[in-house]
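Me: I'd like to learn how to read this structure feature by feature. Could you take me through it, starting wherever you like?

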Amino acid sequence: MSSRPDPAAAPAVADEDAAAVRLHEVGHVYDGAGGPVAALGPISLTVPSGTFLVLVGASGCGKSTLLRLVAGFEKPTSGTVLTGGAEPVPGRGAGIVFQQPRLFPWKTVGGNVELALRYAGVPRAERARRVPELLERVGLHDVADRRIWQISGGQQQRVAIARALAGDDPLLLLDEPFAALDALTRERLQEDLRRVSAQTGRTSVFVTHSVEEAVFLGSRVVVLTRRPGRIALDLEVGLPRTGIEPDELRALPEYAALRAEVGHAVRAAAA
Amino acid sequence: MRVLSLLALLALWQLAAAAAGNPSFVPAPRAVWDQLVLLSTTHDGVRGYSGHLLAEHLGISLRRILVGSALGVAAGLVIGVVLGAVPWIRLVAEPVVTFVRALPPLAYFSLLIIWFGIDETPKLWLLAIAALPPVAVATAAAVHGAPTGLVEAARALGASRWNVIRDVVLPSALPEIFTGVRLAVGVAYSSVVAAETVNGVPGIGGMVRDAQRYLQTDVVVLGLLAIGLSGLLIDGLLRAAETRLIPWRGRT
Ligand SMILES: Nc1ncnc2c1ncn2[C@@H]1O[C@H](COP(=O)(O)OP(=O)(O)O)[C@@H](O)[C@H]1O
Ligand SMILES: [Mg+2]
């Protein structure tokens, strides 16, 4: 399920690694009720495998649109989007975490993760073993039998992350997953996501409007302009990804400098 | 509180019967009670009413309601899913469902008798046809309004079309479907008297109809009470099933 089904469809980039995301002159225009709405671009961007890319921009600048294009939920009105060398199809090759957890209330916590494994083609016996494993990975213990409404919003979002990791897809897409959480919970989830991401090393595209979050999580940060979003700043983050405590990281002088630079770019782009 | 209001109702009834002064018009509670005892026993060599005890009349009617609504609900579910999922079929078929829904059961009963005779078949058809529209309409609306966020989440996980229907659309529609089922059983209930107008004995509707012909008003009232009370009971059972089957109701 995580492998590209049709390698012949992309002969030009056949040697490209499976996780990479490529956007070439991508633009998107919606048919709004009051006429066309240019939401994004044109934008060109290549995300090599293993990158943790964070997209920062003001609300309404087209971040979600970009993510939906990469997920395959929308087709770009101009340009081309490729993931792993092929046109993206929902459910193939990318796990997605939305702003709201979007868990199925008719399933238990464990049942939600189990369903994701089932769709990924994991056999029944193995699913029973992997559900608790995935929940542990996102820092959840003993909640598998709970109902969705019996756990906190932060825990629900952890389940959503576990569910998105279940398919072992090479790509992980996250659309402001922590925006609705309180500050303390958000910080803890950011730290855990940074750890999980360093462990799995999978390519990620993370959308946020928070400068702090962008610098803390990203190995690369892209700042978008106002709608229609274009690239205002594209920055490699040289901070260490492993072997450092979150507080140590935040105390580094380079961290403060990066935060200032990105913050400046975001303010300039929104002006 | 309930006991009090029940007693008040009985007192009112008694007063109304006294005021009317004619037991064929408004029978007294006592007379209805006597009929209950009479119809539940064999007396003077006569078993209940027309050879069947009250419980047997009621049981046979309940069985008809059960089978009829089960058929109607099953068909309504299938039709509702198709209506909700395929826009052009909805466009064509929705007026048909609304049309059938507007027909009084007695109106199409004649046709059913011509087609299926006077035994059980036309009765079950009538109840099924009466029960179908509420379920079809509720299911179609719920399927059509399936939460896009959850459908998208399932698709993002690799769900096929069929997976999405089975794992997201149907469960999310279940609360509304259940409301439709309760409505359907209610409609089947109110149609049973119509279904038993022809060759309806044994059956509580047939019993009421015969009693009406012979002006046995106390039997008519007893029959109505039996239908109404058993209806309350069935609805209570359905509600209990609902809370058990849909614990997430109101939590999404
Ligand atoms: N389905 C849609 N139809 C019409 N306009 C849309 C639609 N989705 C988004 N938009 C518009 O496109 C712009 C970008 O939206 P979005 O990508 O959601 O921004 P962001 O995620 O950065 O807040 C916004 O102005 C929004 O109103
Ligand atoms: Mg957004």
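Reply: Let us start with a proline: Pro202(B) sits in the loop that runs between helix H8 (161–195) and helix H9 (204–213) of chain B. Helices (H or I, at least four residues) and strands (E, at least two) are DSSP runs, numbered from the N terminus. Before going on, note that this is a predicted model, in which local features need pLDDT of at least 70 and side-chain atom pairs count only at pLDDT 80 or more, while totals for chains, interfaces and linings use all residues. Residues are numbered from 1 along each chain as its sequence is written, chains are lettered from A and ligands numbered from 1 in the order in which they are written, and side-chain values use heavy atoms, with hydrogens and water left out.

Me: What kind of peptide bond joins Val201(B) and Pro202(B)?

Reply: The general idea is that most peptide bonds are trans, and most residues other than glycine have a negative phi. The bond between Val201(B) and Pro202(B) is cis, with omega about 0 degrees. Chain A has a cis bond from Arg227(A) to Pro228(A), with omega near -10 degrees. Pro228(A) belongs to the loop between strand E8 (220–224) and strand E9 (231–236) of chain A. As for phi, Glu25(A) has a positive value of about 50 degrees although it is not a glycine. Glu25(A) is part of strand E1 (residues 21–32) of chain A.

Me: How many helices and strands does chain B have?

Reply: Chain B has 10 helices and 2 strands. Along the sequence, they follow the pattern α-α-β-β-α-α-α-α-α-α-α-α. Taken along the principal axes, the C-alpha atoms of chain B fill a box of roughly 75 × 50 × 30 Å.

Me: How do I read the interface of the chains, and what is the area buried between chain A and chain B?

Reply: The size of an interface is often given as the accessible area lost when the parts come together. Here about 1,900 Å² is buried between chain A and chain B, with carbon and sulfur atoms giving 69% of that area. Buried area is the accessible area (1.4 Å probe) that two parts lose on being put together, summed over both. Trp106(A), Tyr119(A) and Trp149(A) supply 40% of what chain A buries against chain B, more than any other three residues. In terms of contact (heavy atoms within 4.5 Å), 20 residues of chain A meet 20 residues of chain B.

Me: Which helix gives the most to the shell around ligand 1?

Reply: A residue is near a molecule if one of its heavy atoms lies within 4 Å of it. Helix H1 (residues 63–71) of chain A gives the most to the shell around ligand 1, with 3 residues. The residues around ligand 1 include Tyr30(A), Lys63(A) and Thr65(A). A backbone N or O atom of Gly60(A) lies 2.6 Å from an oxygen atom of ligand 1, and for a backbone N or O atom of Cys61(A) the distance to a ligand 1 oxygen is 3.2 Å.

Methods: A polar contact is a pair of N or O atoms within 3.5 Å; within protein, one must be able to donate a hydrogen and the other to accept it, and residues adjacent in sequence count only if both atoms are side-chain atoms.
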